[in-house]
Amino acid sequence: MSSNRLMRIHSPEFQAMSERVLRVTALTSRLNALPFEDEEGRAGLLEEILGRPLPPRVTIYPPFYTDHGLRLELAERVFINQNCTFLDYAGIRLGERVMVGPKVTFITSGHPVDPEERRLYLTGAPIDVAENVWIGAGATILPGVSIGRDAVIAAGAVVADDVPPASLVTGTKAAVKRQW
């Protein structure tokens with residue numbers, strides 16, 4: 001799993017990432033247009049997107065979106081429902097038997113809060129989801145979050161902090177933290 005990242009925009013690393021995003025966007029567009037019963041075609045495109053074959057008994061229902069693909073690590077028996085998004089540049093790991101509801105979003109990248117730095121850098125931190133976690137429909141998991149084993153993330157929750165094992169997380173309330 002990658003560590004926290006700070007990448008200068010317009011750098012060679014950013015250019016390489018941008019090229020990968022364009023390639024993966026084309027691949028996911030093809031994946032999401034396949035007939036559902038074309039299991040062989042889906043498996044082949046997912047292998048190109050992820051850079052390796054899917055582990056045994058992983059289920060991904062399209063549409064499926066990722067911006068990078070190579071840093072999305074799926075363990076055995078992961079279930080991903082339709083219309084999920086994985087912005088995985090800084091790394092996302094889903095442990096065994098993780099269930100992901102429809103329209104869940106995992107985001108590992110962002111920008112600095114400072115307005116001057118916002119257009120200069122891309123920030124990122126990995127997401128780690130332990131075994132047997134259930135993530136409800138429409139939840140959003142933000143950069144740097146770790147979710148402990150057996151936890152449940154309620155539908156619509158926005159998760160910005162680590163989640164202890166065997167706990168229930170709910171809520172979407174936004175609050176002003178500071179002004180400039």
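**Notes on the model**

1. Charges first: the protein chain carries 19 positive and 21 negative side chains, with the centres of the two sets 4 Å apart. Here Lys and Arg count as positive and Asp and Glu as negative, while His and the chain ends are not counted. Each charge is placed at NZ of Lys, CZ of Arg, CG of Asp or CD of Glu.

2. Some ground rules. This is a predicted model, where local features need pLDDT of at least 70 and side-chain atom pairs count only at pLDDT 80 or more, whereas totals for chains, interfaces and linings use all residues. Residues are numbered from 1 along each chain as its sequence is written, and side-chain values use heavy atoms, leaving out hydrogens and water.

3. On the overall fold, I get three helices and 18 strands for the protein chain (DSSP runs numbered from the N terminus: H or I of at least four residues for helices, E of at least two for strands). The C-alpha trace spans about 55 × 40 × 25 Å along its principal axes. The radius of gyration is 16 Å, which agrees with the value near 16 Å for a compact globule of 180 residues (taken over C-alpha atoms; the rule is 2.2 Å times the number of residues to the power 0.38).

4. Of the 180 residues, 39% count as buried (under 20% relative accessible area; exposed is over 50%, partly exposed in between, with a 1.4 Å probe and protein chains only). Among contacts with a separation of 6 or more, 32% are between residues 24 or more positions apart (contact means heavy atoms within 4.5 Å).

5. Now the aromatics: there are four aromatic pairs (Phe, Tyr or Trp rings, the six-membered one for Trp, with centres within 6.5 Å; planes under 30 degrees apart are stacked, over 60 edge-to-face, the rest tilted). One of them is F36 with Y61, edge-to-face because the planes sit at 65 degrees, with centres 5.6 Å apart. F36 lies in the loop between α1 (12-33) and α2 (39-50), and Y61, 25 residues away, in the loop between β2 (59-60) and β3 (64-66). F36 is partly exposed at 46% relative accessibility, as is Y61 at 31%.

6. F86 and F106 also pair: their planes are at 10 degrees and their centres 4.8 Å apart, so this pair is stacked. F86 belongs to strand β6 (residues 84-87) and F106 to strand β9 (residues 105-107), 20 residues apart. F86 is buried at 0% relative accessibility, and F106 is buried at 0% too.

7. Finally, look at F36, Y61 and F79 together: ring pairs link them into a cluster.
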